[in-house]
Amino acid sequence: MSTTVVLGLSGGVDSAVAARLLQENYTVIGLYLSIGPEAAGEADARRVAEELGIEFHTMDISRALEEHVKAPFAAQYLSGRTPLPCARCNPLVKFPAMLALAHEVGAEWVTTGHYARTEMDKAGRSLLLKGRPANDQSYMLSRLPREIIQRVIFPLGDYDKSMVRIKAEAFGIPVAHKPDSMEICFIPDDDYGRWLENRGQSCPPGDFIAPDGTVLGRHRGIHRYTLGQGRGLGVSGPHRYYVSAIDPKANTVTLSDGSDLFREEIFCTDPNWIAVDALEGPREVSARFRHAKTETPCTILPTAEGGILVKAHTPVRAPTPGQLAVFYEGDVVVGSGWIS
């Protein structure tokens, strides 16, 4: 009998192709994670499971999502930070839910349609690696602890999206041409400001100010802005304006010409080390400071408080509190920390 794997089946093309590829070597059990009223993919996930002939389960994760993702998401925006909900959901909600079903059915592995890879190093540690450059999703997976990574398979790690679409057509998968979902799953219209306001957790309007304190206009609430933002400000002046500071206590948003947004030193908290057991001294890495493919050569050092001091070799534009700094050595994810 083949080894059993629990697959997070979302209803999209990526997890559907992952299911079909895994069937060549595994018994696949599909799991749809229902997030509550906003859930929109269950019918497609069930249809894929029926087409492929795999066992199908659903699990309500709405309470865990509220506790570990939605509530912190709202709190961070209200404190002037910019949260990263998917990076919190993966280690705290999504993968634990799949592992819970795996324990119930006796499955050895869990899997998703993420574009990433895993492998073992010489010391027997489970490593997380980048997927193909065009679709690499290792940034959002960098908070997974090693004990979860050692139970995970990523069948799409050597594919890009165009290859997956071709595979989906060849396999006759019913969602082969379904558009990709880009927004946050619990904010289907992508308007997080309105979502916060509907929860009664928005901030009042306040002043846009210049670095010298001069009032430039009125903002709609600090929850609608993030560092480096240059669009949707509604303020005109002698140059284009960018958000360069957010002060929740004073309820002000500072606007500048953007020249003050660059940093060579960035502090991070709550490190999650994957390729090493701990950061014991200076280490040369490349780093991503947002969910983009740009990497910056850096030296990372441990701080006395247990955090990370990142010294960028070239200035980094708008490293944003609430986002992740993810550290790489080649394709290997060394670890990550929350930008503070």
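Close-up 1. Arg-143 is buried, at 10% relative accessible area (buried means under 20%, exposed over 50%, partly exposed in between, with a 1.4 Å probe and protein chains only). The model is predicted: local features need pLDDT of at least 70, side-chain atom pairs count only at pLDDT 80 or more, and totals for chains, interfaces and linings use all residues. Residues are numbered from 1 along each chain as its sequence is written, and side-chain values use heavy atoms, leaving out hydrogens and water. Arg-143 forms a salt bridge with Asp-270, with 3.0 Å between the closest N and O atoms (a salt bridge is a side-chain nitrogen of Lys or Arg within 4 Å of a carboxyl oxygen of Asp or Glu). Asp-270 lies in strand S12 (residues 262–273) and Arg-143 in the loop between helix H5 (138–141) and helix H6 (146–149), so the pair ties together parts 127 residues apart in sequence. Helices (H or I, at least four residues) and strands (E, at least two) are DSSP runs, numbered from the N terminus. Asp-270 is partly exposed, at 48%.

**Close-up 2. Asp-121 pairs with Arg-125.** The closest N and O atoms of this salt bridge are 2.8 Å apart. Arg-125 is partly exposed, at 24% relative accessibility.

**Close-up 3. A network of salt bridges around Arg-194 and Asp-189.** Arg-194 bridges to Asp-189, the closest N and O atoms being 2.5 Å apart. Arg-194 is partly exposed, at 40% relative accessibility. Asp-189 is partly exposed too, at 43%. The network links Asp-189, Asp-191, Arg-194, Glu-197 and Arg-224. Across the whole structure, a search finds 23 salt bridges.
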